[in-house]
Amino acid sequence: MKISKQQSGDIGVIIIEEKEANLSNSDEFKELILEEITSGTRKLIISFKQVEYLDSSFLGALVAILKALLPYNGKLILTDMNDDIVNLFQLTRLDKIFILHNDLENAVKEF
Amino acid sequence: MNKTLPIILHLDIPKHVDEIYSFTKTVLATIMEYKELDLAQQRRVKMIMVELVTNSIKHSTDENSSIKLAIDHPTVCIEKFEKGLKIEFSSTAQQIPFEEIDKTIKISFSEENNHHIQTLDRYKFKFLNPFVEGLSLDQIPEHFGFYIITLASDSFVYQYDPEMKENRYIVNLNL
């Protein structure tokens with residue numbers, strides 16, 4: 001799973017460097033982010049700028065990450081999703097659960 | 001676009017995850033040779049195809065899983081065929097073959113993977129709209145495959161053929 005990590009103050013920014021966010025990389029991605037949370041990151045942004053499609057396995061991984069942040073009063077913002085991915089969140093009504101932003105700059109301002 | 005309908009196509013399901021999206025796009029392009037679809041309709045087809053194929057790669061041991069695509073007006077029917085054991089539910093839910101027909105029951109594949117279904121016959125059921133208003137984060141499942149297919153389609157039916165030992169997943173779309 002190719003990701004890059006940036007730090008903006010106390011905000012961890014994860015950029016997914018893959019075109020496909022799916023069954024092949026969802027478990028690894030979840031473990032990587034859960035490690036970030038375990039090591040103290042409480043404010044997270046995940047950018048999907050390079051992701052073309054996302055499947056149910058990855059959606060499940062994102063829900064698990066959000067649940068893991070709950071006990072720490074953490075916050076997760078998802079950014080740069082294409083229209084197909086936003087539509088998937090709307091269909092499953094996860095757009096009511098997750099915070100979605102159009103771009104990274106606005107996401108950082110949200111914290 | 002005035003090609004004669006219905007068109008029936010039989011497709012082999014990809015065996016590797018990295019083939020799923022290109023397969024999905026090929027299926028969509030095939031449908032669009034016969035039907036004009038707007039963006040929302042194209043998304044529904046893509047989501048359903050991705051989840052049907054992902055489900056096979058994740059759970060099926062059948063090397064010869066296949067899809068039958070029936071393109072008609074106004075419906076497109078996507079049927080997935082997999083040899084093997086029937087679906088089994090966890091917990092205390094009724095199992096296939098069902099004893100009660102035309103009943104709504106709650107089934108579960110795991111603790112966080114629950115569905116409401118309507119039994120259609122002893123070996124057949126329809127997935128029902130999964131949502132309950134006001135669901136909180138701790139109630140949100142982490143398994144979305146069947147949810148997505150149910151929500152993106154006009155009907156999603158599972159059928160088991162005990163003689164053929166075959167699972168059939170039947171998705172209908174009005175397009």
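**Figure 1. Helix α1 of chain A in the predicted model.** Helix α1(A) covers residues 26-38, 13 residues in total. From its first C-alpha to its last, the helix reaches 18 Å, close to the 18 Å expected at 1.5 Å a residue. After the helix comes A:G40, which has a positive phi, near 120 degrees.

**Figure 2. Buried and exposed residues of α1(A).** The buried residues are A:S26, A:F29, A:I33, A:E36 and A:I37. Seen down the helix axis, these buried residues fall within an arc of 100 degrees, so they line one face of α1(A). An α-helix has 3.6 residues a turn, so residues three or four places apart point the same way. The face turned away from the buried side carries A:D27, A:E35 and A:T38, which are exposed. In chain A, the partners against which the buried residues of α1(A) pack are the strands β1 (3-8), β2 (11-16) and β4 (43-47), together with helix α2 (56-69).

Figure 3. The side chain of B:H115 is joined to that of B:N113 by a polar contact of 2.9 Å. Leaving aside residues up to four places away in sequence, B:H115 touches B:I105, B:K106, B:I107, B:F109, B:F127, B:F146 and B:Y147.

**Figure 4. The largest pocket and its lining.** The volume of the largest pocket is about 740 Å³. The pocket is lined by 32 residues, of which B:N55, B:K58, B:H59, B:N113 and B:F146 are the closest to its centre. Elements of both chains give two or more residues to the lining: α1 and α2 of chain A, and α2 (39-59), β3 (75-83), β5, α3 (145-152) and β8 (166-174) of chain B. The most is given by α2(B), with five residues.

**Figure 5. The largest cavity and its lining.** One cavity of 30 Å³ or more is found in a search of the whole structure. The largest cavity has a volume of about 150 Å³. Of its 13 lining residues, the closest to the centre are A:Y53, A:L54, A:D84, B:K46 and B:M47. Two or more lining residues come from each of β5 (53-54) and α3 (83-91) of chain A and α2 of chain B. Here α2(B) gives the most to the lining, with five residues.

Technical notes
Residues are numbered from 1 along each chain as its sequence is written. Chains are lettered from A and ligands numbered from 1 in the order in which they are written. This is a predicted model: local features need pLDDT of at least 70, side-chain atom pairs count only at pLDDT 80 or more; totals for chains, interfaces and linings use all residues. Side-chain values use heavy atoms; hydrogens and water are left out. Helices (H or I, at least four residues) and strands (E, at least two) are DSSP runs, numbered from the N terminus. The expected span of a helix is 1.5 Å times one less than its number of residues. Buried means under 20% relative accessible area, exposed over 50%, partly exposed in between (1.4 Å probe, protein chains only). The arc is that of the directions from the helix axis to the C-beta atoms. Contact means heavy atoms within 4.5 Å. A polar contact is a pair of N or O atoms within 3.5 Å; within protein, one must be able to donate a hydrogen and the other to accept it, and residues adjacent in sequence count only if both atoms are side-chain atoms. On a 1 Å grid over the protein atoms alone, a cavity is a set of points where a 1.4 Å probe fits but cannot get out, and a pocket is an open set with protein on both sides within 12 Å along at least five of seven lines; lining residues have an atom within 4 Å of a point. Grid points are joined across faces, edges and corners, and a volume is the space filled by probe spheres set on the points.
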